[in-house]
Structure formats: structure tokens, C-alpha cells
Amino acid sequence: MSTVRKSYPFHLIEPKWQQRWLQQETFKAWNPGDEIAGTHPFSIRHQLKGKVSAQELPPKYYILDMFPYPSGDGLHVGHPEGYTATDILARYKRARGFNVLHPMGWDAFGLPAEQYAIKTGQHPRETTEANVANFRRQIQRLGFSYDWSREVNTTDPKYYKWTQWIFLQIYGSWFNEKTNRAERIGSLTYPENVSSEAEREAYLREARLAYVAEAPVNWCPELGTVLANEEVVDGRSEVGNYPVVRRSMRQWMLRITAYAARLLEDLEGVEWSHSLKEMQRNWIGRSEGAEVTFPLAEGTGSIMVFTTRPDTLFGATYMVLSPEHTLVGSITKADCQESVAAYREEAANKSDLERTDLAKEKTGVFTGAFAINPVNGEEIPIWIADYVLATYGTGAIMAVPAHDSRDLEFAKKFNLPVKKVVQAPDGVGSIGFIGEGTSVNSDFLNDLPSAQAKKKITTWLEETGKGRKIINYKLRDWLFSRQRYWGEPFPIVWRGESHEAIDAWALPLLPPDLDDYKPTPEGDPPLARAKEWCRAGGGLCRETNTMPQWAGSCWYYLRYLDPMNDEQFCDPEVEKYWMGGGTGVDLYVGGTEHAVLHLLYARFWHKVLYDLGHVSTPEPFYKLVNQGLILGEDGRKMSKSRGNVVNPDDIIRDYGADAFRLYEMFMGPLEMVKPWNPNPKGKSKGGGVEGVYRFLGRVWRLFVDPDSDKEFNQNLAMEESDPTKLLGAIALSKNIQDCEPTPEQAKALHTCIKKVTEDLDAMHFNTAISALMVLSNEASHWEVRPKSVLRSFLCLLAPFAPHLAEELYSKLIGGEAGTLAYSEWPDYDESLLVEGTLEIPVQVNGKLRARLRVSQTASKDEIEALALKDAKVASFIEDKPVRKVIVVPKKLVNLVVG
């Protein structure tokens with residue numbers, strides 16, 4: 001045992017309360033229909049026991065953290081920032097009388113565990129279980145009030161059984177544009193010209209929300225898998241730093257684009273920051289324009305383009321296809337094939353970000369083919385260039401170099417025509433002008449303002465059958481398959497070129513056990529190595545791709561509601577209680593790195609489930625807050641490779657979990673980016689953390705008898721002493737008495753209650769902590785410390801420093817004190833915050849000479865009399881006559897003398 005004296009014995013207090021909370025399931029959230037034990041503190045607070053209905057339970061509050069990926073490195077000090085904030089609010093809401101759901105789980109599928117398995121031969125499950133155990137240990141040491149009975153793990157077959165089931169719901173649905181919602185595939189009607197079985201099967205495949213397509217993907221040959229865009233950095237894999245190329249592969253896709261309009265519209269009904277909503281809107285990318293058909297000059301084919309500026313069609317002097325466009329191979333002339341093939345190979349080695357970088361020099365090659373501009377019949381050349389992406393729009397553009405900066409740069413480099421068709425305002429050059437002006441050189445559009453020209457040309461396109469008005473979205477369908485082992489197997493089998501779902505009763509579909517987790521030598525996914533597993537009987541073959549890591553994280557917040565249910569992914573009554581009423585998750589907190597894709601994907605899955613009647617609210621997350629990063633001491637993002645990672649275990653060892661929690665919240669507003677700064681302004685080692693640690697030490701001394709505390713520390717140094725008994729023997733300070741607080745004490749307390757309450761409602765944690773520090777400093781000077789004031793102070797402190805608050809509360813109340821977790825939050829009395837007296841300046845001939853302390857209700861005559869009697873004022877009057885007395889109530893007194 002360490003003999004170094006601590007400000008207070010957190011090393012004994014914190015394990016004691018953490019163990020008690022776990023054993024008693026103190027923070028268990030109760031579902032409708034649960035059997036509540038009469039001895040549980042929730043039962044005592046709310047006077048409920050036995051089986052209760054949703055109507056009998058108190059109002060719910062569902063507070064959610066973005067659950068972590070349990071890496072082998074464990075937590076660093078940046079990870080618990082959001083968890084600390086949500087825990088403070090969860091404890092606060094319990095004290096306010098809510099039934100609080102605050103769960104934790106693990107997003108545990110993913111590439112790192114698979115790569116570790118490839119290197120070591122260890123099954124990814126073993127690695128994952130070890131990582132989860134370490135994360136759980138670290139999180140529990142911080143005393144977060146999670147309901148651990150609801151813990152989920154995306155790699156648990158009992159969990160991913162329902163991930164697979166949800167996929168089947170999506171696979172078995174189509175999007176009805178007339179009703180603007182997903183419907184069961186059985187309601188799909190076939191057009192009259194679709195009559196044969198083969199035609200119906202093809203039509204059905206095209207209609208499903210989950211479908212198969214050839215798609216350009218980020219392929220990493222070394223890792224043997226497709227990577228998401230966010231897993232590729234500068235053309236190399238984030239894991240392993242291997243080269244990544246673009247190639248076309250058969251992939252499962254989810255038709256998220258069908259929900260683009262609703263994903264946009266429903267942002268209006270959630271309480272998210274403006275910047276977060278804008279990130280979602282920009283990713284979805286709604287734009288109005290026209291879809292225009294450009295016939296090929298030779299043959300019968302055509303190229304479809306989408307443009308937001310159909311008024312500039314007369315200025316289209318060439319076309320550009322993405323290198324991956326399906327027409328490139330068929331239209332390229334023989335003398336251009338070699339250069340086109342080389343360019344396509346070069347483009348395949350670039351990321352989308354590299355290709356669309358505005359600063360890079362434009363490149364491209366001519367295909368030798370021409371298209372017909374539909375508005376004037378002119379032949380225009382067809383090029384390919386990597387600044388056009390196959391995944392955006394139609395993968396083809398009409399180039400109007402006079403009014404698009406990228407097209408102009410390209411045209412200048414390759415000496416292509418530039419034709420002005422929009423006259424810019426006076427004083428602005430028209431070549432390179434991208435705004436709205438007046439149409440010129442555009443036949444029947446001439447002299448029209450751009451807005452009118454857009455309408456007229458769109459009408460003309462529709463009347464002539466050469467195009468149509470359309471709303472387009474930048475959002476692309478979700479590429480939903482990976483060539484990996486460590487992911488959920490698809491509940492799909494193949495019969496030749498046709499796919500079908502396995503029966504729901506056969507779920508979960510478990511992956512086979514493998515010794516080799518690499519793709520096959522032929523390039524097939526790892527699951528293809530399990531020949532017996534792949535054979536599903538009856539001539540059927542299993543799908544060997546797996547789902548992406550996103551799959552499990554799309555719906556985990558729903559499984560938390562009813563995690564032990566083997567018959568349903570969630571009981572409808574339970575779902576309605578926790579998610580109903582239009583609020584969904586009441587507060588969701590996580591990092592900005594998930595501000596777009598995770599939220600879009602989760603919202604999409606939720607809306608499909610809503611359409612199919614499985615959930616009761618159209619949006620999953622009512623209020624969402626992104627916490628800012630905690631940077632390393634060097635001001636950069638914490639990373640093992642940079643050597644700037646700080647392990648929370650080290651801070652907890654030296655200062656305790658309560659001090660760690662306080663420091664994380666005291667550093668600044670939750671949403672701010674903040675550097676970890678344990679030694680601010682040259683103070684002693686650990687100065688930043690030590691500041692809040694000293695505050696907790698002062699709180700300890702505010703409550704305990706100094707002689708008893710001294711004796712405790714002396715006995716603790718003796719090896720044969722029982723620390724638990726010694727901790728229990730520490731006595732309360734003799735200054736604490738069961739008496740009424742003085743007006744000054746009551747005012748100090750109620751000022752603090754008001755400030756902490758308002759700050760918690762606004763999530764201003766740092767200023768709430770400051771208010772607690774102010775009150776503790778004032779109380780340390782009180783000769784008599786009213787027990788009632790200190791009890792309320794502990795209620796306010798408990799969300800921030802729960803271990804210390806619980807220990808002191810047990811000493812303050814004595815006997816079986818129970819837990820502070822469900823103690824009622826104190827209310828403040830506004831009348832006690834009003835000053836009984838006020839200070840008024842007294843002037844003599846306009847110069848300040850004294851200050852009076854008078855009653856708030858003092859009359860003018862009383863104030864005048866007090867001013868004339870004041871000794872300081874009298875010295876400036878002497879024998880001079882007072883000619884006039886001006887009294888401004890509650891403001892000032894001015895005596896005119898002489």
C-alpha cells in the first residue's frame with residue numbers, strides 16, 4: 001500500500017462505490033412489464049414495485065453515447081469526455097425524477113481485428129473479447145452510471161441475428177414513390193409489359209431496397225478488401241498504409257437515395273446544431289435542374305447528363321465522361337484505345353478526393369467519339385477526365401467552359417472551344433462567370449434572365465422529348481458489402497445469377513471457422529474458403545461478402561431497449577415507451593467524425609423500420625451534440641504513432657476518477673476543441689488536474705473531523721490495518737450541526753442551486769463546477785455548517801464527483817443512507833436570492849464622499865436622514881448650509897451645500 005498521503009482517500013472510496021453500484025444494479029433502467037424489487041432505490045424514490053405498466057412508470061429520458069470500437073490500445077483521455085458529460089446529465093435527470101436509460105456497448109466488428117488475426121492467426125473474436133474487457137474495465141473505473149444489464153456487442157450472434165433480420169426487412173421491401181414510403185415486396189405491382197417469369201424477376205431485383213450492382217470501389221489488394229472512402233487517406237489504406245485502387249466489383253447496395261427527400265425534410269424536426277444539419281444537407285446535396293439526352297454521333301446510343309444550368313446548353317462545346325463510365329469501352333475509337341486504357345488505369349489509383357481537388361492540374365484524354373448537342377445539332381467531342389466521378393450524377397457532364405471554372409481550365413489546356421452564353425453584369429467579365437445573368441448566343445433564349453431561361457429551356461426539352469425537369473441528389477446509394485471475414489454474413493443464397501433470402505427462423509447465420517482470414521488466391525472473399533459452409537443445399541450457394549461495420553451501429557440504440565429479447569428485436573410496448581412521443585433518443589452525444597455517414601445510415605434504417613411499422617417515431621435522435629476533441633499536449637490529435645496519447649488509468653491512479661471527471665468538464669465548453677494541459681502556466685506537475693483534485697480535498701475537509709482524518713492517515717500507513725474499517729471510522733466534522741441556515745448561508749446555497757441547475761440544463765458543465773467551488777469556499781469559513789445545506793451541496797456535487805459525494809452522504813446521513821443516485825434534486829427559492837439591503841453612493845456637490853447600506857424598502861426621508869447623519873458626509877459639510885438634498889431611490893444621494 002502506498003504511504004504517500006492523499007488529499008482524500010479516493011483509492012478506497014471509488015472502488016467501494018463502484019462495486020456497490022454494480023452489485024445492486026443501482027442504475028438499472030426499468031421497462032414496462034419489468035418486475036421492480038421493492039428494495040431498489042428507484043422503487044423507493046418513485047413508490048413503485050412489482051410489475052409496472054408504461055403508464056405507471058415516470059417520464060423517460062434516453063441518453064446515449066456513440067458506442068466505441070474497442071481497439072487494442074484501450075481508451076485515451078479524449079474518449080471519456082462525451083461519456084462524462086452524458087453521465088453527469090444521466091445522474092441529474094434521475095435526481096429530477098426521470099426513468100433514465102443510459103446504456104453502453106461495443107461496435108466490435110471491423111478491419112483492425114481481422115488484420116491482427118491475419119498477422120497472428122488468432123481468431124478475431126479472441127482479440128475483440130480481450131479489447132472489450134479492457135475497455136469495460138477502464139470505463140467502469142470512471143464510475144459512469146451505465147445500466148450494464150443492457151450491454152450489447154455487435155459481434156454477439158444474439159445481436160447480429162437481428163442485424164441480419166433488419167437486412168431481410170430492407171431486402172424484402174421496395175420504395176413506393178406514390179406513398180413516399182417503403183412497402184413490403186408483396187405490394188409491388190408489375191407493368192403490363194413485364195409478363196414472363198424472367199422479366200418479373202429482373203423487375204423485382206431492380207425494385208428492392210437492397211440490390212446487387214457493379215460498382216466502382218476502393219480496392220486494397222494487400223488487405224484484400226473494399227474500403228470505405230473514410231478508410232482511405234491520400235490513396236492509401238488507413239490500416240497498414242497500403243496502396244488503394246479503384247475497380248468495379250459486384251456489390252450489395254442499399255437504396256438510401258429513395259429517402260433523400262425525407263432525410264432532408266426531417267432535419268427540420270430535430271434539435272441539432274446548424275452546422276451539423278448543414279453537413280447532412282451538403283452530403284445529400286439536393287439540386288434542381290434538367291436531365292438532358294445527348295445522342296451519340298455514330299450508332300443509336302446516347303449519353304444522359306444532369307445539369308443545374310440548362311440555360312447554358314448552347315454553350316456546351318464538349319462532353320466529359322468519368323473514366324469508369326460504362327460507355328467508355330464501346331465508344332472509344334481504335335486509335336485512342338491505348339491512351340484511354342492507360343488513363344483509366346492511372347485514374348483507378350487515385351482517391352475521389354485527389355481526383356476532385358480544385359488545385360490540381362486537369363488531365364484527360366479524347367475518346368475519338370462525338371455526341372450531338374440536342375439544342376443546336378452540333379457535334380461535340382467526348383473526353384474522359386478524372387475530375388468527373390462515376391458516383392456523382394450520371395457520371396457524365398456537358399462541359400460549358402465559358403461558365404464553369406473547371407471546364408474552362410480543361411478547355412484551355414486542350415484547346416477546346418469556349419462559347420459565351422451568359423452575359424455577366426456590367427463591369428464583370430463574362431468568360432469564367434458562373435453566376436446568373438442574361439442569355440446570349442442562345443437562339444430562342446436570348447435576352448432572357450437566367451431564371452426565365454432555365455424555365456423556358458426545360459419546357460422545350462420536355463416538349464421535344466430531349467430531356468426533363470428533375471430534382472437530383474449528390475447522395476449515392478450505400479455500398480453495403482465488404483470482402484472480409486470479420487463482419488455479419490449476409491442472410492442470402494444464390495441460385496445461379498439469382499439471389500434469395502434465407503428464412504428468418506434460420507438466423508443467426510454464423511460465419512464459418514477459418515484458419516486463414518485472407519481472400520482466396522482467386523480474389524474471392526475469405527468466406528469462400530469454407531467450401532462446405534458455402535454450399536447451402538439444393539444447389540444453393542451462400543453469399544460470401546459480409547456486411548460493413550456500419551451495419552451493427554445503425555440500430556444499436558434500439559437493441560439497448562430490449563437486449564434480452566430472443567423473439568423480437570424489440571418489444572413494441574418497450575419501443576414505444578422509450579422512443580415514442582416524437583422524441584426518440586432524447587440526447588445523443590458523440591464525435592464529429594460521425595456527423596454525416598453514421599447518422600445518415602442510422603436515420604435511413606430507422607425510416608425503413610418506421611415505414612414497415614417496427615418503430616413508432618420517424619427520427620431516431622431528437623437532440624444531438626458533438627463534443628470537441630481533446631488534443632494531445634502538443635496540440636495535435638491524440639495518436640499512438642505521434643506518442644501523445646494520455647492513458648486515463650494513469651490519471652485515475654494519481655488523482656482518482658472524480659478528479660479526472662471534473663477536469664475533463666472544467667477544461668472548457670463541451671463542444672470546444674481543447675488541448676490536454678495537465679501543467680498550465682508553469683504550475684507544478686499535474687497542475688490542471690491537481691486544481692480540481694485540491695477542490696475535492698477541500699470538500700472532504702469541509703465534512704470530516706480533522707483529528708479523525710489525521711488518525712485515519714496514520715493508521716492507513718500500518719500494513720496490518722483494514723482500510724475499509726478505517727474509512728468507515730472517519731467521523732464527521734464537529735462544525736456540522738442540525739440547525740437552520742442563516743440568511744447568508746441560505747442565499748449562498750440557493751445561488752449555487754440556481755446556477756448549477758441552469759448550467760446543467762444548458763450543458764455548461766465548466767461553469768456549474770465553478771459555482772460548486774464558490775459555495776465550498778464560502779462554507780469552509782462557516783463556524784457552524786448546517787446539515788441541510790451540506791446535504792443539498794452533495795446532491796449538486798453528485799453528478800460530477802459521484803464517489804466522493806456518496807461517501808460523504810453516507811457519513812452525513814448515517815445508518816443505511818442508501819444512495820444519492822435517486823435523491824431528489826434541490827429546488828431554489830428566488831426570494832432568498834434577493835438582497836435584503838443595498839449600497840447607495842452619497843455625493844456632496846457631485847463628488848462621491850461616502851456609501852450607505854440601507855434597506856431595500858427605505859423611503860426617501862429615511863435615506864436623507866441616514867445620509868445627513870453619516871460621519872464621512874458630515875466632515876465635508878462642516879458648518880456649510882445644506883441647500884438641497886437629491887435622493888434617487890436605490891441609486892444615489894446628492895447633497896448640495898455652501
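Which helix is S770 found in? S770 sits in helix 26 (residues 765–779), where helices (H or I, at least four residues) and strands (E, at least two) are DSSP runs numbered from the N terminus.

A quick note before the views: this is a predicted model, where local features need pLDDT of at least 70, side-chain atom pairs count only at pLDDT 80 or more, and totals for chains, interfaces and linings use all residues. Residues are numbered from 1 along each chain as its sequence is written, and side-chain values use heavy atoms, with hydrogens and water left out.

View A. The secondary structure comes to 30 helices and 37 strands, and the C-alpha trace spans about 110 × 80 × 55 Å along its principal axes. Of the 898 residues, 54% count as buried (buried means under 20% relative accessible area, exposed over 50%, partly exposed in between, with a 1.4 Å probe and protein chains only). S770 is partly exposed, with a relative accessible area of 30%. The C-alpha atoms of S770 and A290 are separated by 58 Å, and the two residues are 480 residues apart along the chain.

**View B. Helix 1 crossing helix 28.** The axes of helix 1 (residues 10–24) and helix 28 (residues 802–813) come within 9 Å and cross at roughly 90°; axes here are lines fitted to C-alpha atoms, for helices over the stretch in contact, and angles run from 0 to 180 degrees between N-to-C directions. That makes the two helices roughly perpendicular (angles of 65 to 115 degrees; under 35 is roughly parallel, over 145 roughly antiparallel, and the rest oblique). On the helix 1 side, I13, E14, K16, W17, Q18 and W21 meet P802, H803, L804, E806, E807 and S810 of helix 28, contact meaning heavy atoms within 4.5 Å. The buried residues of helix 1 are F10, L12, I13, E14, W17, Q18 and W21. Just after helix 1, E25 takes a positive phi of about 50°.

View C. Four strands make an open, mixed sheet in the order 35-34-37-36; two strands pair if DSSP finds at least two bridges between them. Strand 35 (847–855) and strand 36 (882–888) are the edges, each pairing on one side only. Neighbouring strands of this sheet are turned by 20° against each other on average, direction ignored. Helix 29 (residues 860–869) lies across strands 34 (837–844), 35, 36 and 37, running at about 125° to strand 36.

View D. Six bridges join strand 36 to strand 37 (residues 892–897), and the two run antiparallel. In strand 37, V897 is the bridge partner of V882, and V896 is the bridge partner of K884. Three residues lie between the two strands of the hairpin, and K890 in the turn has a positive phi of about 65°.

View E. Most residues other than glycine have a negative phi, and most peptide bonds are trans. L507 and P508 are joined by a cis peptide bond, with omega about 0°; P508 is in the loop between strand 25 (498–501) and helix 15 (531–534). D447 has a positive phi near 75° and lies in the loop between strand 21 (438–439) and helix 14 (450–464). D447 counts as exposed, at 64% relative accessibility. E878, with a positive phi of about 50°, is in the loop between helix 30 (871–877) and strand 36. At 60% relative accessibility, E878 counts as exposed too.
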